[in-house]
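Please work through each task before reading its solution.

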Amino acid sequence: QELLVESGGGLVQPGGSLRLSCAASRSIFSFLTLGWYCQAPGKQRELVASITIDGRTNYADSVKGRFTISRDNAKNTVYLQMNSLKPEDTGVYYCNVARSQPPTSYWGQGTRVTVSS
């Protein structure tokens, strides 16, 4: 059973743009927080951006002003618009939904983003 399915990754040159999509099951899309995480080669998975059920957003300092997270409730989908991409943005991007009561977290399979000349 795939509750989260990411798409939109690929190879892009520095300065380019990508839009990642995460289609979620209706049963978990209403969880408190949806987020995008990146796992760069040889590094730990890190939070890139998150959005709460009421639309409050949070971004890692490294992507502020370049990335935008949004959600479409009608389509049960969360997006990550990535602009002005840098080589250090390279990694596998994972969609996550989480709640605290009870503590529960779901992960997608990941979509690979490579920023290179």
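Two strands pair if DSSP finds at least two bridges between them. Strands (E, at least two residues) and helices (H or I, at least four) are DSSP runs, numbered from the N terminus. The model is predicted: local features need pLDDT of at least 70, side-chain atom pairs count only at pLDDT 80 or more, and totals for chains, interfaces and linings use all residues. Residues are numbered from 1 along each chain as its sequence is written, and side-chain values use heavy atoms, with hydrogens and water left out.

**Exercise 1.** Determine which strands pair with β9, and in which direction they run.

*Solution.* Begin with β4 (residues 33–39), which is antiparallel to β9 and joined to it by seven bridges; here L34 is partnered with V97. Next, β10 (residues 103–107) is antiparallel to β9 through five bridges, among them that of N96 with W107. A hairpin of two residues connects β9 to β10. Finally, three bridges link β9 to β11 (residues 111–115), again antiparallel, and Y93 has T111 as its bridge partner.

**Exercise 2.** Explain why β9 is described as largely enclosed.

*Solution.* Buried means under 20% relative accessible area, exposed over 50%, and partly exposed in between (1.4 Å probe, protein chains only). Strand β9 (residues 91–100) has seven of its 10 residues buried, so the rest of the structure largely encloses it.

**Exercise 3.** Identify the residues that touch the most other members of the largest nonpolar core.

*Solution.* A nonpolar core is a set of buried Ala, Val, Leu, Ile, Met, Phe, Trp, Tyr and Cys residues joined through side-chain atoms within 4.5 Å. The largest one has 29 residues, and W36, L80 and Y93 touch the most other members. Elements supplying at least two residues each include β4, β9 and β11. The largest share, four residues, comes from β3.
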